[in-house]
Amino acid sequence: MSFFFSSSRTAHTTIPCRHCDTPLIAQRGCREVRLYCETCRKNYDLKEYVHLMDEALETFLDQAFCDRI
Ligand SMILES: [Zn+2]
């Protein structure tokens with residue numbers, strides 16, 4: 001059982017913010033995943049960073065969208 005992971009709504013990635021290089025945090029919303037920078041206090045569209053996807057984000061997305069049709 002991986003209860004901890006399946007219930008997680010955020011994940012720390014290694015993807016650097018393009019403004020300050022802080023690793024972004026993936027956050028799951030109702031219908032979308034956003035990337036958040038703690039330093040800039042900004043949310044970024046997943047689309048802006050999808051080409052930099054790392055393993056942490058990939059795993060997170062797998063879990064986030066497991067119930068999509
Ligand atoms: Zn930043």
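**Zinc site, core and loops of the predicted chain**

The zinc ion is held by four protein donors, Cys17 (SG), Cys20 (SG), Cys37 (SG) and Cys40 (SG), at distances of 2.2 to 2.3 Å. The model is a predicted one, and all values given here were computed from it. Along the chain, the donors of the zinc ion are spaced as C-x2-C-x16-C-x2-C. The angles subtended by the four donor atoms around the zinc ion run from 100 to 115°, and the arrangement is therefore tetrahedral. For four tetrahedral donors the ideal angle at a metal is 109.5 degrees. Two of the donor residues can be described by their accessibility. Cys37 has 0% relative accessibility and therefore counts as buried, whereas Cys40, at 27% relative accessibility, counts as partly exposed.

The secondary structure of the chain consists of three helices and four strands. Read from the N terminus, the order of the elements is α-β-β-β-β-α-α. The chain has 69 residues, and buried residues make up 30% of them. Among the contacts in the chain with a separation of 6 or more, 35% are accounted for by residues 24 or more positions apart. The accessible surface of the chain is about 5,200 Å², and carbon and sulfur atoms contribute 52% of that surface.

The largest nonpolar core comprises 15 residues, and the residues with the most contacts inside it are Leu24, Ala26, Val33, Leu35, Tyr44 and Leu57. At least two residues of this core are supplied by each of strand 1 (10-16), strand 2 (23-28), strand 3 (33-37), helix 2 (46-49) and helix 3 (55-64). Helix 3 provides the largest share of the core, with four residues.

Tyr44, listed above among the core residues with the most contacts, also takes part in a ring pair. The structure holds one aromatic pair. This pair is formed by Tyr44 and Tyr49, with 5.6 Å from centre to centre and 65° between the planes, and is edge-to-face. Both Tyr44 and Tyr49 are buried.

Ala56 is located in helix 3. With 29% relative accessibility, Ala56 counts as partly exposed. When neighbours within four places in sequence are left aside, the contacts of Ala56 are with His12 and Thr13. Ala56 and Ile25 are separated by 31 residues in sequence, and the distance between their C-alpha atoms is 9.9 Å.

The loop between strand 1 and strand 2 contains Asp21 and Thr22. Asp21 is not a glycine, yet has a positive phi of about 70°. In general, most residues other than glycine have a negative phi. The relative accessible area of Asp21 is 58%, so Asp21 is exposed. The C-alpha atom of Asp21 lies 9.1 Å from that of Cys37, a residue 16 positions away along the chain. Thr22, by contrast, is buried, because its relative accessible area of 17% is under the 20% cut-off. Not counting residues up to four places away in sequence, Thr22 touches Ile15, Pro16, Cys17, Cys37 and Thr39. Cys17 and Cys37, both touched by Thr22, are among the donors of the zinc ion.

A positive phi is also found at Arg41, a residue other than glycine, with a value near 55°. Arg41 is placed in the loop between strand 3 and strand 4 (42-45). With a relative accessible area of 69%, Arg41 is exposed.

Definitions and conventions:
Residues numbered from 1 in each chain as written. Predicted model: local features only at pLDDT ≥ 70, side-chain atom pairs only at ≥ 80, totals over all residues. Heavy atoms only, no water. Core = buried A, V, L, I, M, F, W, Y, C linked by side-chain atoms within 4.5 Å. Buried < 20%, exposed > 50% of the residue type's maximum accessible area, 1.4 Å probe, protein only. Phe/Tyr/Trp six-rings, centres within 6.5 Å; stacked < 30°, edge-to-face > 60°. Donors = N, O, S within 2.8 Å, 3.2 Å for Na, K, Ca; no water. Tetrahedral: all angles 85-135°; square planar, octahedral: opposite > 155°, others 65-115°. Contact = heavy atoms within 4.5 Å. Areas by Shrake-Rupley, 256 points an atom, 1.4 Å probe, with all protein chains shown as cover.
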